[in-house]
Amino acid sequence: MTRVIVTGGAGFIGSALVRHLVLERGFEVLNIDKLTYAGNLASLKPVEGNPLYRFRQADICDAEAMRDAIASFRPDRIMHLAAESHVDRSITGAADFIQTNVMGTFTLLEAARAFWTSLPAPERDSFRFLHVSTDEVYGSLGDEGLFEESTPYDPSSPYSASKAASDHLAKAWQRTYGLPVVVSNCSNNYGPFHFPEKLIPLTILNALHGRPLPVYGTGENVRDWLYVEDHARALDTIVEKGRIGETYNVGGRNERRNIDVVHRICAVLDRLVPANRPRAELIEFVTDRPGHDARYAIDATRLETELCWRAQENFDSGIEKTIQWYLDNEWWWRPLSTRYDGERLGVLDQTKQDAA
Ligand code: NAD
């Protein structure tokens, strides 16, 4: 029986991964999550009460709690997703990002290393630590080109800088101590159970309620969208078959401009839930995000050819499924308005900026 610790398993991608590992793979899973504003145990309803699933509320920065959780669960794999993840929040509150993403990853790596060192040889050889990261560490692309695993790091936001730092730590723990680490860098995810501060769920819910649809700048920024369940399958493949010390880029080859994403959501909603005017009329262009990267696009050739992973959804099929899920699951998103009510995040005080 494979035993997996997932950190951040109450988050968007972590919960998709936990559901996949328990329900599709039959693995025993311990979810370690602090339950910040972004953590939501309701996303784990499909595995609630399943004997293969356990939850422990803990902070990855708490060294003793991490050592204890790992020593008592005795995992074959640790899949590390816990992080502060929203770029806008990192602009006005970087401290939490440095604490969790950098110090938390360091603490977890040390706890994993202490456990791994204590294992007898066969278990030590098969143990894996997967560090889950983002394509944002590579910075911004122009109109052409793709991020490859060899693309130099060039992060723009406090979020991506903190993730870049954590990637370096994970790689260093492999090179220096031999800890069997694999790193994955993925493009933007979307899908069910996505906290409504991010572009796609925010747009779906605002459009459904006839509220304005804010688009940063002119909406030309391009993201490479991946359906979250495809990401969960990719992570499972990478931790199982990936080469130690290697990086695997994950992406679905689905580049879209933000404005086109918003238009697509409006069109699908107009068809599924007709309103008295086209929802695209709700679009409002707002001040751009500081340091907003122009374009991300992933070359996932290594993952596709070496590990035989393929995305199962394209953007059109995935967005249709996602919108239908939000229409069918008000029980999940309705209570979240007490945590976030749609206000603009990540705006700097212009008077202070000018003075600086
Ligand atoms: P999320 O914000 O939805 O979830 C993060 C989870 O981590 C939450 O459940 C939160 O409670 C938990 N957490 C935060 N700080 C913690 C701490 N100190 N200790 C323990 N738990 C803590 O994030 P997500 O979108 O699911 O992203 C998961 C991972 O994937 C992150 O590492 C992120 O950088 C990476 N990633 C995300 C995307 C994306 O599009 N969302 C793309 C590529 C990579």
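Residues are numbered from 1 along each chain as its sequence is written, and side-chain values use heavy atoms, with hydrogens and water left out. Because the model is predicted, local features need pLDDT of at least 70 and side-chain atom pairs count only at pLDDT 80 or more, while totals for chains, interfaces and linings use all residues.

Helices (DSSP runs of H or I, at least four residues) and strands (runs of E, at least two) are numbered from the N terminus. Helix 1 covers residues 12–24, which makes 13 residues. The distance from its first C-alpha to its last is 18 Å, close to the 18 Å expected at 1.5 Å a residue; the expected span is 1.5 Å times one less than the number of residues. Ten of the 13 residues are buried, so helix 1 is largely enclosed by the rest of the structure. Here buried means under 20% relative accessible area, exposed means over 50%, and partly exposed lies in between (1.4 Å probe, protein chains only). The buried residues of helix 1 are F12, G14, S15, A16, L17, V18, R19, H20, L21 and V22. Their packing partners are strand 1 (3–7), strand 2 (28–33), strand 3 (53–57), strand 4 (77–80), strand 7 (189–190) and helix 8 (228–241). Just after helix 1, G26 has a positive phi of about 70°.

Rolling a probe the size of a water molecule over the atoms shows where empty space is left. On a 1 Å grid over the protein atoms alone, a cavity is a set of points where a 1.4 Å probe fits but cannot get out. A pocket is an open set with protein on both sides within 12 Å along at least five of seven lines, and lining residues have an atom within 4 Å of a point. Grid points are joined across faces, edges and corners, and a volume is the space filled by probe spheres set on the points.

Two cavities of 30 Å³ or more are present. The largest cavity has a volume of about 50 Å³ and is lined by V87, E136, S156, S157, R223, R289, P290, G291, H292, D293 and Y296. This lining comprises three nonpolar, four polar and four charged residues, where Ala, Val, Leu, Ile, Met, Phe, Trp, Tyr, Cys and Pro count as nonpolar, Asp, Glu, Lys and Arg as charged, and the others, Gly among them, as polar. For the second largest cavity, the volume is about 40 Å³. H80, L81, A82, A83, N101, T105, H131, V132, K163 and S166 form the lining of the second largest cavity. Helix 4 (94–118), strand 5 (128–134) and helix 6 (158–177) each give two or more residues to this lining. Its classes are four nonpolar, five polar and one charged.

The second largest pocket has a volume of about 210 Å³. Of the 13 residues that line this pocket, L205, R211, S337, Y340 and D341 lie nearest its centre. Helix 7 (residues 199–208) supplies the largest share of the lining, three residues. The lining divides into six nonpolar, four polar and three charged residues.

Zero disulfides (pairs of cysteine sulfur atoms within 2.5 Å) are found in the structure. The closest cysteine sulfur to that of C186 is in C308, 18 Å away and too far for a bond. C186 is buried, at a relative accessible area of 4%, whereas C308 is exposed, at 61%. C308 lies in the loop between helix 10 (301–306) and helix 11 (315–328).

Most residues other than glycine have a negative phi. C308, not a glycine, has a positive phi of about 60°. R253 also has a positive phi, near 55°. R253 is located in the loop between strand 11 (247–250) and strand 12 (255–257) and is partly exposed, with a relative accessible area of 43%.

N258 belongs to helix 9 (residues 258–272) and is buried, with a relative accessible area of 9%. Leaving aside residues up to four places away in sequence, N258 touches L199, G219, N221, R223, W225 and H292, contact meaning heavy atoms within 4.5 Å. R279 is in the loop between helix 9 and strand 13 (283–286) and counts as buried at 5% relative accessibility. R279 and L213 are 66 residues apart in sequence, and their C-alpha atoms are 8.9 Å apart in space.
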